Amino acid sequence: MTRIDLNDVQGNLVKPYGRYGYPVARYLFLQIKQADQARRWLESIIPLVTTGAPWPDRQAQADHPPLPDWTLNLAFTAAGLQAIGVPEKSLNEFPDEFRLGMRARCDILGDDGPSAPEHWDPVWHQGDVHLWLSINARNEILLEQGYADMVARLGAYSPGLVLLCGHRDDHGDESPFQSAGALRENGRVVPKEHFGFVDGISDPYFEGCGQPANHVIGEGKPTRGEPGDASGWEPLATGEFVLGYRDEADEYPLAVLPGTLTRNGTFMVYRKLHQNVASWRRYLDEAGQQFPGGPRKMAAKMAGRWDNGAPLTEFPTEVEADAFMAELEKVREARRNPDNSHAEKLRLEDEYARLRQRMKAFNYAADIPGGRCPVGAHIRRANPRGALEFGQDGAFNSPAALTDRRRLLRRGLPYGSSPPDTTDDGDHGIILMVLGASIKRQFEFVQQEWMNYGNDFRLGNERDPLVGNQPTGREDPAGQPGGHFKVPGGDTTEGREPPHFCAGIPRFVETRGGDYFFVPSLSALHMLAAGIIDPT
């Protein structure tokens, strides 16, 4: 069993902060003007950096020391590592895609048309971004306190460090930070994004991550056991997400000298993704009228899940999905009863875990043609769950050997608001942050091959219906904008469903900025602050 020094890794690598009650955040971007001052600033804030040291689950916090009011994490671009004094010999050993940065990779990522770099927020046009600073907090008041603390500390080392401005907001103003926060319904935080889907249901579970052992079910890698219990799942190799460890190929993929610079670190993709909410709602209202089952079912077919999070391949009808979620909510509420006996608490926890696993611990072995969940649906593209290997027994070491090398560890939050009268011109979407050992093999591959192309799924040039870079008209000789999406026919508990073809799908998601970052370990941060990176 691989063990990680969780006190040496940054907390955002192993902690989904939202799960611990940190629903709001601000992201700051800095530029280094003077390396010596930047190093002194870095030395001063290292004690504040949130590590991966274990935290108690929110259910158990009463018996543990209080958690921090706000968290702090930071990362460097390749230009930032150079600006703070990392030797060229070490920099040249970093992967090409990281050193080039996101802007230079826009063709690979499909960032064209309205997603092209010239349309990104002004912060990405003010020279190199060197540092990313993230503050997550329990509430807006504590977030403001954390932000004020960071601004004051930056001011003490001015002009060596500059806080970059230029994040667009709903009013067209340019802010010195990017706000983000979980959406709310009736004053209560909900795990949804602006298109209305429950989000963040599962993340990859890897060896040494420090998360509860039962999370491996549905979040690890599938084996040849039963998918609904632990016999059917194993943790992913640590090296898929943390540098310095063996990955799923049983290799150590990155060799940057000195080795301590990258060990216990990782790479991060930061993307501001604008959601055209009005276009999404309009398309569902119009095209959904022609779809058997109506707009809600069309949305579910595009996503691969119902809006409440229930996976289509497990719950193919609206009635089944709603009944399951009602049962889950009933158990969730029962868990909150302070009068429960110890035995009742244990029973409810087991029942809740069993129900949650049905949302995560599934595959497409019985749905290869996509009669329940279309082959081109968003969640099936993002994590095929072995569907690309089914029917090829003996060809791979595990049922999802190809997928295991493409798993994405996601962090981030929605930003902005989308009331009923919202337009596409507002500032609302998702701040997507993807962590992994290889930007090219993990994020870029999934983005290029599975989101913006469909050949691996035998779908030709069909793009992901939710996040794909649908043609805007200029790519089509006839000038017709929009993509297409095929819904195969299939059998459900309500009978045979006919196939359906969705056409004229607009681009629902547009890129508004981003870059590639390296998230150093605490040991590496101390080395950077001391200026002692020696590749010899």
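**Reading burial, helices and overall form**

Biologist: Is Pro420 buried or exposed, and what is its relative accessible area?

Modeller: Pro420 has a relative accessible area of 81%, and because exposed means over 50%, Pro420 is exposed. Bear in mind that this is a predicted model.

Biologist: Where does Pro420 lie in the chain?

Modeller: Pro420 is in a loop, with strand E13 (409-415) on one side and strand E14 (429-436) on the other. Its C-alpha is 51 Å from that of Ser90, and the two residues are 330 apart in sequence.

Biologist: How do I read the burial pattern of a helix?

Modeller: Start from the helical repeat: with 3.6 residues a turn in an α-helix, residues three or four places apart point the same way. Then list which residues are buried. For helix H16 (residues 522-530), these are Leu522, Ala524, Leu525, Met527, Leu528 and Ala529.

Biologist: How many residues of helix H10 are buried?

Modeller: In H10 (residues 294-303), 8 of the 10 residues are buried, so the helix is largely enclosed by the rest of the structure. The buried set consists of Gly294, Lys297, Met298, Ala299, Ala300, Lys301, Met302 and Ala303. Two lysines, Lys297 and Lys301, are therefore among the residues under the 20% cut-off. Just after H10, Gly304 has a positive phi of about 95 degrees.

Biologist: What does the radius of gyration say about the whole chain?

Modeller: Compare it with the value for a compact globule of that length. For 536 residues that would be near 24 Å, and the protein chain has 23 Å, which agrees. The C-alpha atoms fill a box of roughly 70 × 65 × 50 Å along the principal axes. Within the chain there are 16 helices and 19 strands, and buried residues make up 57% of the 536 residues.

Biologist: Which share of the contacts comes from residues 24 or more positions apart?

Modeller: Among contacts with a separation of 6 or more, such pairs account for 71%.

Biologist: What should I note about the surface and the charges?

Modeller: The accessible surface comes to about 22,500 Å², and carbon and sulfur atoms hold 50% of it. There are 58 positive and 74 negative side chains, and the centres of these two sets are 2 Å apart.

Key:
Residues numbered from 1 in each chain as written. Predicted model: local features only at pLDDT ≥ 70, side-chain atom pairs only at ≥ 80, totals over all residues. Heavy atoms only, no water. Helix = DSSP H or I, 4+ residues; strand = E, 2+ residues; numbered from the N terminus. Rg over C-alpha atoms; globule rule 2.2 N^0.38 Å. Buried < 20%, exposed > 50% of the residue type's maximum accessible area, 1.4 Å probe, protein only. Contact = heavy atoms within 4.5 Å. Areas by Shrake-Rupley, 256 points an atom, 1.4 Å probe, with all protein chains shown as cover. Lys, Arg positive; Asp, Glu negative; His and termini not counted. Charge placed at Lys NZ, Arg CZ, Asp CG, Glu CD.
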